[in-house]
Amino acid sequence: MIHNIKINTGICIMKHKYAWQQVVLHWLSAVIIIWATFSGFYVAMFDVSAGIKDWVGFFNVSLTAVFIPFFALRVWYLLRLGKPTHEQPLTLANRAADIAHLLLYINIAVVLISGVLMMERDINIFNLLTIPQPINNLAVTQQFNIIHIISCISLAGLVLLHVLAVIKHEVCGNRILRKMWL
């Protein structure tokens, strides 16, 4: 399996799949983002008990705090290893997909950063580690809360667009999921 483009020999070997590290981090990201999005919107939009709301809040804060270094590693692998080359000539659709992926990465970063900065209490990570509240100004944390809500909504839209695009490609015979599989 080829994971890097090699140019030093004068021969360019095309990369057709993501590296296994990128695949693992992609699916880890997918599970965490989908869980946090659905559960977060569920407790925000529906009448749930205080116990469930507290548990989801605690679990999501812990889970996404643990996810931050994995997301940073995912960005590092993207910058280091790149992505598979386009098999067809570069088109407007390819460029749109590249822009959508960039927007996903930016949006995830905004969600994670605003999630930390909106905290109005210390950040308890699975009762194993406590990180002090980063900002003690309520007006500022409330602004980050607004940014967090907006970025979560836009992330949900981008994830939906991403999933629909993958389905469209698969249905049309472009086996794109093979690039993101071990």
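**α1 against α4.** I looked up how helix α1 (residues 20–45) meets helix α4 (residues 138–171): their axes come within 11 Å and cross at roughly 130°. Axes here are lines fitted to C-alpha atoms, for helices over the stretch in contact, and angles run from 0 to 180 degrees between N-to-C directions. Helices are DSSP runs (H or I, at least four residues), numbered from the N terminus. α1 and α4 are therefore oblique to each other. The scheme: under 35 degrees is roughly parallel, over 145 roughly antiparallel, 65 to 115 roughly perpendicular, and the rest oblique. The crossing of α1 and α4 is left-handed, meaning the near helix is turned anticlockwise from the far one by less than a right angle. From α1, the contact uses H26, I33, I34, T37 and F41; from α4, it uses C152, I153, L155, A156, V159 and H162. Contact means heavy atoms within 4.5 Å. I sorted these residues into eight nonpolar, three polar and no charged. Ala, Val, Leu, Ile, Met, Phe, Trp, Tyr, Cys and Pro count as nonpolar, Asp, Glu, Lys and Arg as charged, and the others, Gly among them, as polar.

**Ground rules.** This is a predicted model, in which local features need pLDDT of at least 70 and side-chain atom pairs pLDDT 80 or more, while totals for chains, interfaces and linings use all residues. Residues are numbered from 1 along each chain as its sequence is written, and side-chain values use heavy atoms, with hydrogens and water left out.

**H26.** I checked H26 of helix α1 next. H26 is buried, at 13% relative accessible area. Buried means under 20%, exposed over 50%, partly exposed in between (1.4 Å probe, protein chains only). Leaving out residues up to four places away in sequence, H26 touches R74, H162 and M180.

**W181.** W181 sits in the segment after α4. I read 51% relative accessibility, so W181 counts as exposed. With residues up to four places away left out, W181 touches K17, V23 and W27. W27 is 154 residues from W181 along the chain, yet their C-alpha atoms are separated by 9.2 Å.

**α2 against α3.** The axes of α2 and α3 come within 11 Å and cross at roughly 150°. They are therefore roughly antiparallel to each other. I noted a left-handed crossing. α2 supplies T64, F67, I68, F71, R74, V75 and L78; α3 supplies Y105, I108, A109, L112 and V116. These divide into 10 nonpolar, one polar and one charged.

**Inside α3.** I found N94, L104, Y105, N107, I108, V111, L112, S114 and G115 buried in α3. They pack against α1, α2 (50–81) and α4.

Notes: Helix = DSSP H or I, 4+ residues; strand = E, 2+ residues; numbered from the N terminus.
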